[in-house]
Amino acid sequence: MQANPDTKTIDQFLAENPDVDVSRAWERSWGILTDIKARIAGRFPGLSLHPSCAGREYYTSPTGEFEGSYQAWSGPGVEWLVSSWLGNRKASILDMNATAFLDQQTDVPHFIMVFGTIPRLFFYFDLVPRRDIRTDRDYLERYYGGAANEDFLSLRGHPNFQWSVSHGTYMRALLSPSAQSLSAELTDGNIDILEDYAYRYLERWLGWLDNASPVPEHERASLQQYDHTVRRLGYELDPMNKLAEQVFGADEVDRMIQLRMGAQQMAAVGG
């Protein structure tokens with residue numbers, strides 16, 4: 001029986017079109033995410049590149065099949081600001097990220113944005129909640145209601161885009177009311193739509209930061225523990241790790257997971 005496109009795995013999409021040159025999509029999408037990372041960094045002066053990222057500005061797999069970059073910054077206001085990509089620009093697959101895990105001065109949601117190719121265009125976006133939105137109605141409405149909800153529904157209902165379901169139960173458990181996990185035909189027009197969406201959400205998120213109330217000092221330790229647990233499990237339980245193991249091997253992927261979650265940074269601040 002043919003798989004429903006909603007629940008197709010990355011492996012299945014790649015098997016259908018394994019050798020598509022996606023260099024143009026990399027150039028456009030990576031440019032968008034690099035600029036988004038720069039705008040976030042501009043909001044938080046004093047960030048510095050984390051030492052664990054040494055030698056990862058550009059790297060390749062042992063066979064040269066995959067290439068990529070992983071850079072992460074830490075400093076006042078942000079624990080782990082990531083700009084990364086991994087894939088094969090000549091063979092269909094790309095994963096490109098701009099991610100900001102905030103520190104505990106505020107409880108504004110963390111920011112995660114992913115562009116990819118499989119070789120269909122892939123887009124993942126979420127604002128990771130830092131309160132229990134099932135019980136904290138004020139937090140839910142502040143960050144997931146109103147215009148944010150309208151924008152979510154507009155893109156979710158767009159006929160060009162199709163929902164893409166993770167096979168990982170934890171990854172689905174992570175999804176907030178703002179989460180988008182979509183695929184579409186790999187066209188400049190569809191990238192245009194996502195680019196507009198990305199910047200509207202970025203500007204809204206930066207505005208929340210500007211107007212956020214500080215988290216009381218006595219609540220910050222427990223918030224940090226929550227933040228770090230979500231960060232760790234999100235990387236450890238990602239089903240995409242299995243695909244990476246086929247290219248890099250299990251031991252190297254374990255090291256990559258520790259780097260991607262910022263294990264050294266979390267340990268240094270007591271998390």
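1. The second largest pocket of this predicted model is lined by Val128, Pro129, Arg131, Asp132, Ile133, Arg134, Tyr170, Ala173, Leu174, Leu175, Tyr226 and Val230.

2. The largest pocket holds about 1,200 Å³ of space. Its lining is made up of 48 residues, and those that lie nearest the centre of the pocket are Asp95, Met171, Asp238, Pro239 and Met240. Sorted by class, the lining of the largest pocket has 27 nonpolar, twelve polar and nine charged residues.

3. Turning to the helices, the axes of helix 2 (residues 23–43) and helix 6 (residues 188–211) come within 11 Å and cross at roughly 10 degrees. Angles under 35 degrees count as roughly parallel, and helix 2 and helix 6 are therefore roughly parallel to each other.

4. Where these two helices meet, the residues on the side of helix 2 include Arg24, Arg28, Ile32, Asp35, Ile36, Arg39 and Arg43, while those on the side of helix 6 include Asp188, Asp192, Glu195, Tyr199, Leu202, Glu203, Trp205 and Asp210. Taken as a whole, the contact of helix 2 with helix 6 divides into eleven nonpolar, one polar and ten charged residues.

Key: Residues are numbered from 1 along each chain as its sequence is written. This is a predicted model: local features need pLDDT of at least 70, side-chain atom pairs count only at pLDDT 80 or more; totals for chains, interfaces and linings use all residues. Side-chain values use heavy atoms; hydrogens and water are left out. On a 1 Å grid over the protein atoms alone, a cavity is a set of points where a 1.4 Å probe fits but cannot get out, and a pocket is an open set with protein on both sides within 12 Å along at least five of seven lines; lining residues have an atom within 4 Å of a point. Grid points are joined across faces, edges and corners, and a volume is the space filled by probe spheres set on the points. Ala, Val, Leu, Ile, Met, Phe, Trp, Tyr, Cys and Pro count as nonpolar, Asp, Glu, Lys and Arg as charged, and the others, Gly among them, as polar. Axes are lines fitted to C-alpha atoms, for helices over the stretch in contact, and angles run from 0 to 180 degrees between N-to-C directions. Helices (H or I, at least four residues) and strands (E, at least two) are DSSP runs, numbered from the N terminus. Angles under 35 degrees count as roughly parallel, over 145 as roughly antiparallel, 65 to 115 as roughly perpendicular and the rest as oblique. Contact means heavy atoms within 4.5 Å.
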